[in-house]
Amino acid sequence: MNDSNTESPDVVDVVVVGAGVTGLYAVHRLRGLGHSVRGFERGDDVGGVWYWNRYPGARCDVESVDYSYSFDEELQQEWDWSEKYATQPEIVRYLRHVADRFDLRRSYSFGTSVLSAELDEETLRWTVRTDGGEVVSARYCVFAVGCLSSTHVPDIPGVGEFAGATYHTGAWPHEGVDFDGLRVGVIGTGSSGIQAVPLIAEQAAHLTVFQRSANFSIPAGNAPLDEETRRRQKAGYAERRRLSRLSGGGSPHAAHPSATFDVSPEERRAAFEERWELGGVLYSKTFPDQLTDPAANEASRAFWEEKVRALIDDPAVADLLVPTDHPIGTKRIVTDSHYYETFNRDDVTLVSLRENAIERIDATGIVLADGSRVELDAIVFATGFDAMTGAVDRVDVRGRGGRTLKDVWSGGPRTYLGLGVDGFPNLFNLTGAGSPSVMANVVLCAEQHGDWLADCLRHLDEHGYRAIEASPEAVEEWVAQCRDRAAATLFPAANSWYLGANIPGKPRVFMPFIGGFGVYGEIIADVAASGYKGFALIGP
Ligand code: FAD
Ligand code: NAP
């Protein structure tokens with residue numbers, strides 16, 4: 001489908017790449033300023049992550065009521081979430097509703113990938129080229145290409161020889177998959193694998209889960225939202241959003257006011273219990289020192305282990321499912337529904353690849369290092385993404401002197417505030433590396449960046465500037481700040497995708513800004529209020 005905006009000329013003010021939560025909001029804000037905007041999206045419709053990740057069990061891990069736009073009170077009040085954590089189909093319905101309500105689709109060409117963006121150093125305009133042969137000249141080029149939109153399939157020997165069906169959770173068939181009666185293998189036990197496993201197990205004749213690293217997961221405590229809860233949530237939205245904007249993670253739940261060992265053992269246990277009941281990823285922020293103090297981390301881990309072991313019948317299987325290689329919370333804690341209980345089924349087998357690695361895939365299954373084989377009809381790769389830089393790297397972006405962004409980022413992403421890069425004037429990268437994005441509620445991050453960008457472009461126009469460009473010193477300082485803030489935590493101890501550790505050969509650099517959503521909001525607001533310190537504003 002090529003739903004081009006017939007009003008748009010080939011010369012526009014802004015090109016926006018991506019129609020996920022970030023791109024959609026940017027289009028809305030920038031059009032609202034009177035800019036002509038041209039959007040491009042590889043998928044055939046809006047939704048981004050929620051368009052692509054249609055695997056069984058896919059749902060948000062931030063409560064739906066928070067994982068939704070806050071910018072329009074009517075939108076907030078009119079939309080009814082049916083569950084505490086909405087499923088992928090419901091989130092896609094919501095994003096389609098947003099697109100309809102604000103007439104966003106007319107700005108987009110769908111089914112269209114941006115291949116390149118090249119700076120004209122004289123005019124400081126960007127020439128954007130697509131796989132549909134379109135060429136657009138834009139004053140501003142805005143990337144909203146997603147941190148988790150570039151799928152990763154590991155290069156396992158023989159992977160192409162498999163005669164059965166293969167799937168990746170991040171590129172799931174729209175028509176769905178019927179696993180009924182099949183022998184299925186799932187490789188990967190991150191959030192995607194852990195969400196998919198219980199539902200695939202219900203369908204398949206036999207499910208084998210291939211686990212390289214055990215992960216920390218916590219039951220979601222998901223439930224339908226009744227009318228009274230919805231009414232209360234909607235009535236309390238203003239305060240809920242206010243608290244979220246001040247918070248580290250973009251949701252209204254604050255950590256316990258005291259450090260882990262400044263409370264009695266009873267109070268500590270009660271706090272862990274309360275967070276366990278709340279469900280999911282928020283457990284990693286029960287106490288404020290959990291991700292900086294190893295002893296505090298161990299206290300929360302021990303409570304987690306006690307809870308999880310109680311869910312698993314076979315202690316030998318539990319031994320495999322309990323992580324021993326990273327502090328709890330240093331990879332995103334998974335928010336699951338009946339994951340651990342799934343291993344109590346007779347028709348589900350767990351293979352620890354640490355004990356018995358995959359040697360190769362052949363026509364009928366997976367061969368393990370000890371020579372044994374697992375016969376399969378279908379393989380699901382829940383093996384994640386080339387996170388934070390993968391989607392940007394796929395585009396041939398050329399700035400000053402013809403330097404490519406890929407080269408500039410070859411040692412790890414280099415940005416000022418996550419938003420700008422020196423040598424790439426008028427190019428903005430939204431909710432990506434160098435910003436809190438994936439460490440927080442990304443919908444509110446999208447609004448934070450969209451609002452900052454809109455204010456910035458208005459400032460440029462009001463003061464007669466042609467362009468804005470991050471200074472090399474500001475980039476240097478921000479890269480160091482992101483690195484140093486991460487180094488002061490336990491995060492570097494995990495081989496996570498935050499560090500690029502999941503992609504062979506990727507530089508080990510902590511890519512997000514870890515200082516918290518609220519703190520980051522203050523920093524970028526301060527930069528704007530100062531007249532954009534750290535950026536060069538380039539005259540008419
Ligand atoms: P995306 O949604 O990834 O959208 C980017 C879009 O850009 C994609 O549609 C892609 O097709 C398009 N694109 C990329 N490159 C090009 C190109 N060259 N040309 C044209 N189009 C291009 N975060 C949370 O805060 N809470 C959650 O509960 C949560 N759950 C998640 C569940 C899953 C399964 C995954 C994978 C991620 C989840 N995330 C969650 C993180 C998620 O990335 C963000 O919440 C958010 O949806 C990202 O929105 P985005 O618009 O920034 O990027
Ligand atoms: P992921 O967290 O990177 O997990 C990928 C899994 O595949 C890991 O278990 C990894 O093992 C394994 N793997 C990778 N390469 C492998 C190989 N060569 N052999 C065997 N195993 C291999 O990816 P994801 O699960 O798609 O999640 C990515 C992020 O998306 C999450 O952290 C989260 O932010 C977001 N997400 C959120 C939700 C949600 O609950 N709302 C759902 C899905 C995704 P190792 O750990 O050993 O590398």
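Predicted model: local features only at pLDDT ≥ 70, side-chain atom pairs only at ≥ 80, totals over all residues.
Reader: How are the strands of a sheet held to one another?

Author: Strands of a sheet pair through backbone hydrogen bonds, either parallel or antiparallel.

Reader: Which order do the strands take in the open sheet that holds S13, and how are they paired?

Author: The order is S13-S14-S15, an open sheet of three strands with antiparallel pairing. Strand S13 (358-362) and strand S15 (373-375) are the edge strands, each pairing on one side only. On average, neighbouring strands of this sheet are turned by 20° against each other, direction ignored.

Reader: How many bridges join S13 to S14?

Author: Four bridges join S13 to strand S14, residues 365-368, and the two run antiparallel. As one pair to look for, Ile-361 stands opposite Ile-366 in S14.

Reader: Turning to strand S4, which way does S5 run against it, parallel or antiparallel?

Author: Antiparallel: strand S4 (residues 114-120) and strand S5 (residues 125-130) are joined by six bridges. Within this pairing, Ser-116 faces Arg-129 in S5. The hairpin of S4 and S5 has four residues between the strands, and Leu-124 takes a positive phi near 60° there.

Reader: And which way does S17 run against S4, parallel or antiparallel?

Author: Parallel, with three bridges joining S4 to strand S17, residues 396-398. Here Ala-117 has Val-397 of S17 as its bridge partner.

Reader: What are some of the polar contacts of ligand 1, and what distances do they have?

Author: An N or O atom in the side chain of Glu-41 is 2.7 Å from an oxygen atom of ligand 1. Trp-52 also contributes its side chain, with a polar atom 3.1 Å from an oxygen atom of the ligand. For Val-62 the atom is a backbone N or O, and the distance to an oxygen atom of ligand 1 is 3.5 Å. As for cover, ligand 1 has 990 Å² of accessible area on its own, and the protein covers 94% of that area.

Reader: How does the shell around ligand 2 read in the same terms: which residues come nearest?

Author: Of the 23 residues around ligand 2, the nearest are Arg-59, Thr-189, Ser-192, Arg-212 and Ser-213. Backbone atoms supply the following contacts. A polar backbone atom of Thr-189 is 2.9 Å from an oxygen atom of ligand 2. Ser-191 has a backbone N or O atom 3.0 Å from a ligand oxygen. Ala-382 has a polar backbone atom at 3.3 Å from an oxygen atom of ligand 2. The protein covers 87% of the 910 Å² of accessible area that ligand 2 has on its own.

Reader: Which element gives the largest share of the shell around ligand 2?

Author: Helix H5, residues 191-203, with three residues. The whole shell divides into nine nonpolar, nine polar and five charged residues.

Reader: Last, single residues. Is Asn-426 buried or exposed?

Author: Burial is read from relative accessible area, with buried meaning under 20%. Asn-426 has 1% relative accessibility, so the residue counts as buried. Asn-426 lies in the loop between helix H13 (405-408) and strand S18 (427-429). Its side chain reaches two backbone oxygens: that of Arg-139 at 3.3 Å and that of Arg-466 at 3.2 Å.

Reader: And where is Tyr-94 found?

Author: In helix H4, residues 88-101. Tyr-94 counts as buried because its relative accessible area is 4%. From C-alpha to C-alpha, Tyr-94 and Leu-320 are 38 Å apart in space, and they are 226 residues apart in sequence.

Definitions and conventions
Residues numbered from 1 in each chain as written. Chains lettered and ligands numbered in written order. Heavy atoms only, no water. Pairing = 2+ DSSP bridges. Axes fitted to C-alpha atoms, helices over the stretch in contact; angles between N-to-C directions. Near = heavy atom within 4 Å. Polar contact = N/O pair within 3.5 Å; in protein donor to acceptor, adjacent residues only side chain to side chain. Areas by Shrake-Rupley, 256 points an atom, 1.4 Å probe, with all protein chains shown as cover. Nonpolar A, V, L, I, M, F, W, Y, C, P; charged D, E, K, R; others polar. Buried < 20%, exposed > 50% of the residue type's maximum accessible area, 1.4 Å probe, protein only.
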